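Q: I'm new to this structure and would like a close look at a single part. Could you walk me through the salt bridges, one by one?

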Amino acid sequence: MRKEVIAADPGIYSLSETNPRVASERKAYKFGWSWWKTLLPPIIAFVIFVGGWELFCRLADIKPYLLPKPSDIVLAASENAANLWVSVWTTIIESVIGFLLSVVLGVGFAIILASSKLVERSIYPYAIIMQTIPIVAIAPIIVIWFGAGVNAIVIIAFLIGFFPMLSNTLIGLNSTDHNMKNLFYLYNASPFQTMFRLRLPSALPYIVAGLKISCTLAVIGAIVGEYIAGIGGGQGGLGYAITVAASRLRTPYLFACGFSASLLGITFFLLVNAFSKWMLSSWHESEMKSSEG
């Protein structure tokens, strides 16, 4: 029996696969749909939560100083927008400086510890002990040494974010592939070359993980520092604003300050996460999989 082979019309494939305009439109559609799939569920959940909160407060007739409605919080934020922005900006400056100090010194000390096992065994236990001491317990000492104000707040933010950077970087430096280290040894690479051309690049995913932890802890540290050593008056940060609002039972403004602190931490995390994708997406499997998915 004779079989007939029917050739497909090549024009069909040219329209759908080889046509640049169609391909770009399809790519844009897939990109937009992936964004909608990512953003739509949390947006819906947020609307339901806020709407339920507003409805519950209105039906139960709860006083604003006990549990304010979302509309009360928005109104308080708008009425005190100038003071709120000054507080947010002050906390941003303190958090960023403390975060950058924790990154530079955390990575630097991790390199020193990873360069010698004797140094690591001698010093690293004391870093762990420092981490276990509550920051509230040593904050008064910091205030005595550095004085109340920005200096003490930055030091507190730095101390909270320092250990995650040190620990994650040290783990990454010690996790370098032994075969690659042996290869560098065979080519007579110096310890400096092995550290900065092999071990430090290999530790980048661990360093990025430390950045994601430290950036949010820096915000927490700055607000905690403002509780203890904050600047009063019109130059106070979010911690000072929260303290004043709580003492005067301005609960809606208290919630506005708390949500501002939360948004600040989320913004820091998203910026560091974007930096992580930019740095690792072209070669590391963790970000490559996340970008494909």
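A: Glu-54 counts as buried because its relative accessibility is 15%, where buried means under 20% relative accessible area, exposed over 50% and partly exposed in between, using a 1.4 Å probe and protein chains only. Its partner in a salt bridge is Arg-58, with the closest N and O atoms 2.8 Å apart; a salt bridge here is a side-chain nitrogen of Lys or Arg within 4 Å of a carboxyl oxygen of Asp or Glu. Arg-58 is exposed, at a relative accessible area of 53%. Because they are four residues apart in helix H2, Glu-54 and Arg-58 are separated by about one helical turn (helices are DSSP runs of H or I with at least four residues, numbered from the N terminus).

A word on the background: this is a predicted model, in which local features need pLDDT of at least 70 and side-chain atom pairs count only at pLDDT 80 or more, while totals for chains, interfaces and linings use all residues. Residues are numbered from 1 along each chain as its sequence is written, and side-chain values use heavy atoms, leaving out hydrogens and water.

Searching the whole structure gives three salt bridges. Another one joins Lys-69 to Asp-72, where the closest N and O atoms are 3.1 Å apart, and both of these residues are buried.

The remaining pair is Glu-120 and Lys-117, with closest N and O atoms 3.6 Å apart. Both sit in helix H5 (residues 117–132), three residues apart, about one turn of the helix. Glu-120 is buried at 14% relative accessibility, whereas Lys-117 is partly exposed at 47%.

Technical notes:
Helix = DSSP H or I, 4+ residues; strand = E, 2+ residues; numbered from the N terminus.
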